[in-house]
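I am opening the notebook on this model.

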Amino acid sequence: MLSETRALFGIWIAFVGLSIVLGGCGGGGGSSPAPPPAAAFCDTKAFTVPVQSPYVLPYPPGVTYTMFQGNCSPPPGGHQTTFAYDFDHAMGDPITAARAGRVTLTANDFPDDGNAANAGGNSVWVLHDDGTIAAYFHMCQGCVMVAVNQDVMAGEILGLAGNSGASAGPHLHFQVFEDNTSFNNGDAVPITFQNATGTMAPTGELLEGQAYMAN
Ligand SMILES: [Zn+2]
């Protein structure tokens, strides 16, 4: 725990930066002066066919959640200029790694008060072998269960869901960025899942309001 605490102080500045570029789940697209039209932005990157996706849903097999805010969700949603999914996890529900990688960043001390100033709140970041990096946001205070530099397998529990950061209620915000250098909304990548059962777009994109069971 001590090492995690020290790591937290180390990444504090990084999170201050993130709070600027990430709009969070309820707060809109941040302070960008002229966000691109959602539809245009969403057409700039292609989805991977689900059977070829390196990602599994970020929760255990047999479990179902509704994805209630998805990619380029129009205002007043918080994802209008980015690719990200919100799942309706309840407080304390397990969040699992969607893909194997190495933990590069954690935050674990934010209260579960939905404070937008805390951006992603308690979170885990996992760097994948192709350089992409996944963010798991809004975990409950003290609920992160992995440490920086730890290697995790897909399906491994990273922590428990909560309501920390820019969050209007307990949920998981899942997002993947192109690399470990920029976490601007425009650097997010569209994601499909190899083990999702539910109604999807023809591309495999998850649809808002649909329930998805992890196989
Ligand atoms: Zn979100």
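I began with residues 1–23, where pLDDT stays under 50. pLDDT is the predictor's confidence in each residue, from 0 to 100. The model still has 34 contacts for this stretch beyond four places in sequence. I count two residues as in contact if their C-beta atoms, placed from the backbone, lie within 7 Å. Residues 26–32 are also below 50, with 19 contacts beyond near neighbours in sequence. Where pLDDT is low, the predicted coordinates should not be read in detail. Over the protein, the mean pLDDT is 86, and 81% of the residues reach 70 or more.

I noted the ground rules next. This is a predicted model, in which local features need pLDDT of at least 70 and side-chain atom pairs count only at pLDDT 80 or more, while totals for chains, interfaces and linings use all residues. Residues are numbered from 1 along each chain as its sequence is written.

**Fold**

I find two helices and eleven strands. Helices (H or I, at least four residues) and strands (E, at least two) are DSSP runs, numbered from the N terminus. The order from the N terminus is α-α-β-β-β-β-β-β-β-β-β-β-β. Among contacts with a separation of 6 or more, 69% link residues 24 or more positions apart.

**Core**

I looked up burial: 45% of the 215 residues are buried. A residue is buried if 20 or more other C-beta atoms lie within 10 Å of its own, exposed if 12 or fewer, and partly exposed in between; C-beta atoms are placed from the backbone. The largest nonpolar core has 43 residues. Such a core is a set of buried Ala, Val, Leu, Ile, Met, Phe, Trp, Tyr and Cys residues joined through C-beta atoms within 7 Å. Those with the most contacts inside this core are Leu57, Ile95, Val124, Trp125, Ala134, Tyr136 and Met139. S6 (133–144) is one of the strands that supply at least two core residues each. S6 gives the most, with nine residues. I then checked Trp125. Beyond its neighbours within four places in sequence, Trp125 is in contact with Val103, Thr104, Leu105, Ile133, Ala134 and Ala135.

**S9**

Why do I call S9 largely enclosed by the rest of the structure? Six of its six residues are buried, so the strand is largely enclosed. Leu172, Phe174 and Val176 are buried on one side of S9, and His173, Gln175 and Phe177 on the other. In a regular strand the side chains alternate between the two faces of the sheet. I looked up the pairing as well; two strands pair if DSSP finds at least two bridges between them. S2 and S9 pair in the antiparallel sense over three bridges. Phe87 stands opposite Leu172 there. S6 and S9 also pair in the antiparallel sense, over five bridges. Phe137 has His173 as its bridge partner in S9.

**S4**

S4 is largely enclosed by the rest of the structure, because five of its seven residues are buried. Five bridges join S4 to S5, and the two run antiparallel. Two bridges join S4 to S7 (residues 151–152), again antiparallel.

**Single residues**

I went to the loop between S1 and S2 for Cys72. Cys72 is not a glycine, yet its phi is positive, about 55 degrees. Cys72 counts as buried, because it has 23 C-beta neighbours inside 10 Å. Thr81 lies in the loop between S1 and S2 too. Thr81 has 22 C-beta neighbours inside 10 Å, so it counts as buried. Thr81 and Asn184 are 103 residues apart in sequence and 9.8 Å apart in space, C-alpha to C-alpha.

His138 sits in strand S6. Its phi is near 70 degrees, a positive value in a residue other than glycine. His138 has 31 C-beta neighbours inside 10 Å, so I log it as buried.

My last stop was Asp187, in the loop between S9 and S10 (196–197). Is Asp187 buried or partly exposed? Asp187 is partly exposed, because it has 17 other C-beta atoms within 10 Å. Beyond its neighbours within four places in sequence, Asp187 is in contact with Phe177, Glu178 and Ser182. Asp187 and Val176 are eleven residues apart in sequence and 8.5 Å apart in space, C-alpha to C-alpha.
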